[in-house]
Amino acid sequence: MSPRVMRRFLFAAGLSLTAAGAALSAPVAAPQDARDHFLSRCRERTLAQNPGADWAASYCAETWPAVTRSNPLVDAILSPFAEGAPAALDPADVKARATGVRWLPARPDAQAFEGALGPVKVVARRGPTTLLELGWTAVGEPVPYEIVEALRTRDAVVMPIGCYAFGAGESNTVYRVEAAGRVPFAMTVYRREAPTGSAWSSLTITADAERHIPTLSSLKAAEPDAEWTADCS
């Protein structure tokens with residue numbers, strides 16, 4: 001299989017590649033050992049899913065810039081969870097804590113706020129608990145961010161609680177995140193890789209700013225029609 005065909009296969013299967021384009025900021029530099037650790041994890045995971053894949057090393061090297069590109073998203077998603085911060089945050093509190101976000105003007109009594117991190121839309125709102133959402137969409141491009149791996153390069157423990165797929169290239173996963181200097185929290189990552197050049201790709205990252213962490217059982221109870229599973233490899 002040619003590298004070009006393999007990249008299209010990975011794209012459709014939901015294994016993201018890096019995306020080029022002027023709208024995306026340049027990757028942030030990271031220590032060499034962080035890159036090495038990522039490449040080792042990535043190769044191990046890729047080979048477990050695709051035994052004997054001779055393209056695993058090149059795929060992981062191509063994915064690394066998406067990890068470093070995710071650093072501003074990591075800073076934002078961690079911001080409500082500093083140790084010692086109140087647990088009962090409202091959207092205005094989240095807005096005040098979110099680092100690097102360019103927030104749009106809002107009414108003095110607003111209960112929802114919108115802003116941006118480059119091409120990523122940021123929303124702080126209630127739904128019904130206080131949520132911080134990061135969202136990206138584009139036509140025909142692979143998703144250019146890898147926030148789970150970016151968290152892990154900072155030594156965060158990111159463990160899937162449950163997930164389900166809508167088909168090849170589209171999934172919804174809920175994680176428990178534990179990071180140094182932060183209280184544990186739940187993060188949901190919805191990801192859709194466009195199967196064709198005319199379809200939409202999208203990424204939505206949601207954190208419960210009030211620190212509610214679900215279990216697999218509670219996820220199944222909340223969405224009984226979804227095929228939740230703990231096998232999120």
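Modeller: Ala, Val, Leu, Ile, Met, Phe, Trp, Tyr, Cys and Pro count as nonpolar, Asp, Glu, Lys and Arg as charged, and the others, Gly among them, as polar. This is a predicted model: local features need pLDDT of at least 70 and side-chain atom pairs 80 or more, while totals for chains, interfaces and linings use all residues. Numbering runs from 1 along each chain as its sequence is written, and side-chain values use heavy atoms, without hydrogens and water.

Biologist: How do the residues lining the second largest pocket divide?

Modeller: Into 11 nonpolar, seven polar and two charged.

Biologist: Which residues lie nearest its centre?

Modeller: Leu131, Val174, Thr188, Thr206 and Leu219.

Biologist: Switching topic. How many salt bridges in the whole structure?

Modeller: The search finds 12. Each is a side-chain nitrogen of Lys or Arg within 4 Å of a carboxyl oxygen of Asp or Glu.

Biologist: What does glutamate 170 pair with?

Modeller: Arginine 192, at 3.8 Å from N to O. Glutamate 170 sits in strand S6 and arginine 192 in strand S7, 22 residues apart, so the pair links distant parts of the chain. Strands are DSSP runs (E, at least two residues), numbered from the N terminus.

Biologist: And arginine 191, buried or exposed?

Modeller: Arginine 191 is buried, as is glutamate 193. Buried means under 20% relative accessible area, exposed over 50%, partly exposed in between (1.4 Å probe, protein chains only). Those two form a salt bridge, with closest N and O atoms 3.2 Å apart.

Biologist: Which residues make up a network?

Modeller: Arg41, Arg45, Glu149 and Arg152, linked by salt bridges.

Terms used: 1 Å grid on protein atoms, 1.4 Å probe; cavity = no way out; pocket = protein on both sides within 12 Å on 5 of 7 lines; lining within 4 Å. Helix = DSSP H or I, 4+ residues; strand = E, 2+ residues; numbered from the N terminus.
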